[in-house]
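Visitor: Please take a close look at one part of this model for me. I would like the charged pairs and the helix packing around them.

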Amino acid sequence: MDPFKVLIEVVKTRSYTKAAQNLYTSQPSISRDIKRLESDYDVKVFEFKHSNMRLTTDGETLFRYAIQKQRLEDRLRKDLKQAPHTISGELTIGSSYTYGEYRLSEHLADLALKYPKLHIHARLDNSEHIIEHLKHNSIDVGIVEKEIQDNALNKIKIEHDELVLIRRKGQVFEQASTFYIRERGSGTRAYQEKGIEKLGLDDIFLVEMNNTTLIKNMVRSGMGISIVSSSALTPYDHQYLSIAPVDIQRDFYLFTHKNKYIDDNLSLLIEHLKKQ
């Protein structure tokens, strides 16, 4: 038990026995807490004369501090109780490039309008790095396109996605010799490799790129083909690209560390990201 709380009760009741009753503990426990104060601060708290108990000069100093401490704690509880009514502060969200470049901005814009005092920092990286950032507590939440199994993390499925084959309109698919593929560690790469195998593109030349927008630009220029997320395609892309399904589905997942405290700000962010 908090020895300062015990001190206040003993002074108020002027009795170890009554203090123990009020605090639902034993008299020896009360005595130990007072002795703990005396030992910690190398002082004598009470003096006894003719069966009367009173504070020593040092005891009065400790008692004044105990009262101030109690008032601060009461104020803290009051402030924390009122805090949920005000959404403010800072959060950091990490996201894979695909989701971050083409989906996350919509959520952030909406949150900025509704909660102007909530400042959200976005960090884009490949999925592998996002998970590492999350495990090292350098971000509050992470969004990736891989169903990662890790005992240190909690995951929530937030959005469905489909992978499609893209090539420049008018380009003959069979004549394509270059395939643009994401870098190792990207959540998209595993699905692209699955698509390459599915389409039988064994002899195609692979060019690594760490940016989906750049991949689309290269494909629009007629420099090769690729497989990308359907959510990454804009009306401009639909105008200049031939898009074909490859029957590869996936989901975007939101991850938090299992030891992360989910306060009202973070809870609000998570609920908003779950809305499609």
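This is a predicted model: local features need pLDDT of at least 70, side-chain atom pairs count only at pLDDT 80 or more; totals for chains, interfaces and linings use all residues.

Guide: Start in helix α7, residues 187-199. Glu193 and Arg189 sit four residues apart there, so about one helical turn separates them. Their side chains meet in a salt bridge, at 3.0 Å from N to O. Arg189 is buried, with a relative accessible area of 8%. Glu193 is partly exposed, at 36%.

Next, a linked set. Asp2, Lys69 and Glu73 form a network of salt bridges. Asp2 pairs with Lys69, with the closest N and O atoms 2.7 Å apart. Asp2 belongs to the segment before α1 and Lys69 to helix α4 (residues 57-82), so this bridge ties together parts 67 residues apart in sequence. Lys69 also bridges to Glu73, where the closest N and O atoms are 2.9 Å apart. Those two residues are four apart in α4, about one helical turn. Asp2 is partly exposed, with a relative accessible area of 26%. Glu73 is partly exposed too, at 29%.

Now α1 itself. Helix α1 (residues 3-13) packs against helix α3 (residues 27-41) at about 115°, with the axes 9 Å apart. The crossing is left-handed. From α1 come Pro3, Phe4, Val6, Leu7 and Val10. They meet Ile30, Asp33, Ile34, Arg36, Leu37 and Tyr41 of α3. By class, this contact has nine nonpolar, two charged and no polar residues.

Key
Residues are numbered from 1 along each chain as its sequence is written. Side-chain values use heavy atoms; hydrogens and water are left out. Axes are lines fitted to C-alpha atoms, for helices over the stretch in contact, and angles run from 0 to 180 degrees between N-to-C directions. A crossing is left-handed if the near helix is turned anticlockwise from the far one by less than a right angle, and right-handed if clockwise. Contact means heavy atoms within 4.5 Å. Ala, Val, Leu, Ile, Met, Phe, Trp, Tyr, Cys and Pro count as nonpolar, Asp, Glu, Lys and Arg as charged, and the others, Gly among them, as polar. A salt bridge is a side-chain nitrogen of Lys or Arg within 4 Å of a carboxyl oxygen of Asp or Glu. Buried means under 20% relative accessible area, exposed over 50%, partly exposed in between (1.4 Å probe, protein chains only).
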